[in-house]
Amino acid sequence: MIPAQFIDELVARSELSDVVSSYVSLTRKGDRLWGLCPFHNEKTPSFSVSQEKQVFYCFGCGKGGGVISFIMEIENLPYAEAIRLLAKRAGLTVPEGEENDAFRVQRERVLRLNHEAARYFHDQLSQPGGARGASYLYDTRRLSKGTVTRFGLGVAPDGWDHLIEAMAEKGFDKRDLLDAGLAVDNKKGRIYDRFRDRVMFPIIDLRGDVIGFGGRVLGDEQPKYLNSPDTVIYNKSRNLFALNLARKSKQGRLILTEGYMDTIALHQAGFDCAVASLGTSLTEHHALLLARYTKEVVIAYDGDGAGTSAAQRAIPILERTGVTVRVLALSGAKDPDEYIGKFGRTAFARLLDRSENHIEYRLAQIQKQYDLSDDEQKVTFLRACAEFIATLQSPVEREVFGSRAAEAAGVSRDAMEQEVKRARSTRARREKKKQERKNLTPTVQLQPRDQSMRYQNIRSARAEEGVIRLLLLEPVLTEKVESRLHPEDFSSPLLGKAYSILCNRYRAGMSTQLAVLAGELEGSEISHLAQVLDRPEALEHSEQAMEDYLSLIEWETAKRSDRAQGEPQESLLAAQARFKEKKSFGGTSHE
């Protein structure tokens, strides 16, 4: 949507290492720059930047790409917004083409509509139709008018088209409300308000824009909570409720709750560092977003079984970002809001300061499953603890928490230490066998990380990777390739798509750097191509290497064609003759 020529210039002006080094501390080793990956938790640098190829790649998590992909990932931005951020950094103004202008107009219109809808919902609190919502917020939930105003809370009155009619007076039509997720249409084509008879919670992003809504039902309708669908401005997996307020907190940590009301209640009680995920389980994007604003996250989920399970799932996701994870152990109340209502702010503050680290929490959850007065269950408990403690990387943590488990079960520390060592040895043997199995099946290691891109023909796909790599490194080779190789000859759909894009860009006189493909390929596809590009290639023999790759692809294509026909074909014999004249690909020296 943004003119390709501008993207080419922007990428040319945005040196990857300069951009990355503003987020990651890089150290040169050989011909690469290395640092700790910003996309997953690690202690040994596996994140690399090649200035020659203008590509980053993490050998730990598999993230990779060019400068645009990096900004999209690190800043949690869609493509167009990443372009604007890079353009601002480079001192350039983004030109608005017709398509891009239409997208921008739609995006701005949805933002204006959401703003007007939020104002409408808030105003309804003082109207007769919003009396039940006002009673729920002020009387049932005991929120102050200041809190209601600060969060922009409101109510959607009961009825099928109150919002549609109100927004029509503001100049918005039904299509606009559908685009914003504020209206839905049924099979008969009727369009009506999505939110009806619900307390409304505006979702506000870090720029202060209303990007979506959550609604809690006031009657018996299901579901209890209804959230905006994903739109041009909203993605529930990439945003957190109240982060726009919590990121300014001086409390040195962020409290993660399960829902809107817990977060709002905590803010009203003075804990202005609370946030909530939006109608979905915690995602890696959520965790990375939290890690940008804090070094410590306290999980304050409900104390029921569902809350415990959600906390167990969230802990490793947060851990991978490098933040310190603690868990609030609620007692005598089902959630933070109820706890503060029963015991007060000071009691919650003490509870917060005594929150368990995630290791204590998980050991406590294990202990709840066993009756330690029963010897058989005691043994099972200790083995379960040993299995968990064996996963801890720190010897100090293993000793401290092993001693805790031993004390709880009434056994000696030495006995527990031996059990942990046995568990670690068992884990090590399993990992070794797993690696040996992988080594015995090298084709597994040649497959893309993403299962959806799995190669059906490894031999052909490796040659196809070579073609893509050479075209990225020496675009002029496109002139010698196009007459012999077509996208449909590729066994890998992704590599065939990348080939088509590169050829089209070369013919149009545009850049063929990996970075400029970010607007045409998915993030996982770019990451895989970054891995392909990152592999070594002897460019002094690039023409011979390309010939070898092409011959092998032709050979494999001919075999596929003959199998489909069910009989030998001249194409196969011709390909075999050509292939025998070339160096065998099996011993390729190009990689």
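Colleague: Which residues of α24 are counted as buried, and what does buried mean?

Modeller: The buried residues of α24 are Glu525, Ile526, Ser527, His528, Leu529, Ala530, Gln531, Val532, Leu533 and Asp534. Buried means under 20% relative accessible area, exposed means over 50%, and partly exposed lies in between (1.4 Å probe, protein chains only). This is a predicted model, in which local features need pLDDT of at least 70 and side-chain atom pairs count only at pLDDT 80 or more, while totals for chains, interfaces and linings use all residues. Residues are numbered from 1 along each chain as its sequence is written, and side-chain values use heavy atoms, with hydrogens and water left out.

Colleague: Why is α24 called largely enclosed?

Modeller: Ten of its twelve residues are buried, so the rest of the structure largely encloses α24. The buried residues pack against β2 (32-35), β4 (55-58), β5 (64-65), α3 (67-74), α21 (458-473) and α23 (493-507). Contact here means heavy atoms within 4.5 Å.

Colleague: What makes α24 a helix, and how does its span compare with the expected one?

Modeller: Helices are DSSP runs of H or I with at least four residues, strands are runs of E with at least two, and both are numbered from the N terminus. Helix α24 (residues 523-534) has twelve residues. The expected span is 1.5 Å times one less than the number of residues. From first C-alpha to last, α24 reaches 16 Å, close to the 16 Å expected.

Colleague: How do you know whether Glu556 is buried or exposed?

Modeller: Its relative accessibility is 3%, so Glu556 counts as buried. Glu556 belongs to helix α25 (residues 542-565). Leaving aside residues up to four places away in sequence, Glu556 touches Asn457, Arg459 and Ser460.

Colleague: What makes a group of residues a nonpolar core?

Modeller: The term denotes a set of buried Ala, Val, Leu, Ile, Met, Phe, Trp, Tyr and Cys residues joined through side-chain atoms within 4.5 Å. The largest such core has 67 residues, and those touching the most other members are Phe6, Phe47, Phe70, Val467, Ile468, Tyr499 and Leu514. Helix α21 gives the most to this core, with eight residues. A second, separate core of 47 residues includes Leu137, Ala180, Ile211 and Leu226.

Colleague: How do you know that β13 and β14 pair?

Modeller: Two strands pair if DSSP finds at least two bridges between them. Three bridges join β13 (residues 254-257) to β14 (residues 274-277), and the two strands run parallel. In β14, Val275 is the bridge partner of Leu256. Both strands belong to an open sheet of six, with the order β12-β14-β13-β15-β16-β17 and mixed pairing.

Colleague: Why are β12 and β17 called edge strands?

Modeller: Each of them, β12 (240-241) and β17 (356-357), pairs on one side only.

Colleague: How much of the whole protein is buried?

Modeller: Of its 591 residues, 50% count as buried. Its secondary structure comes to 26 helices and 17 strands.
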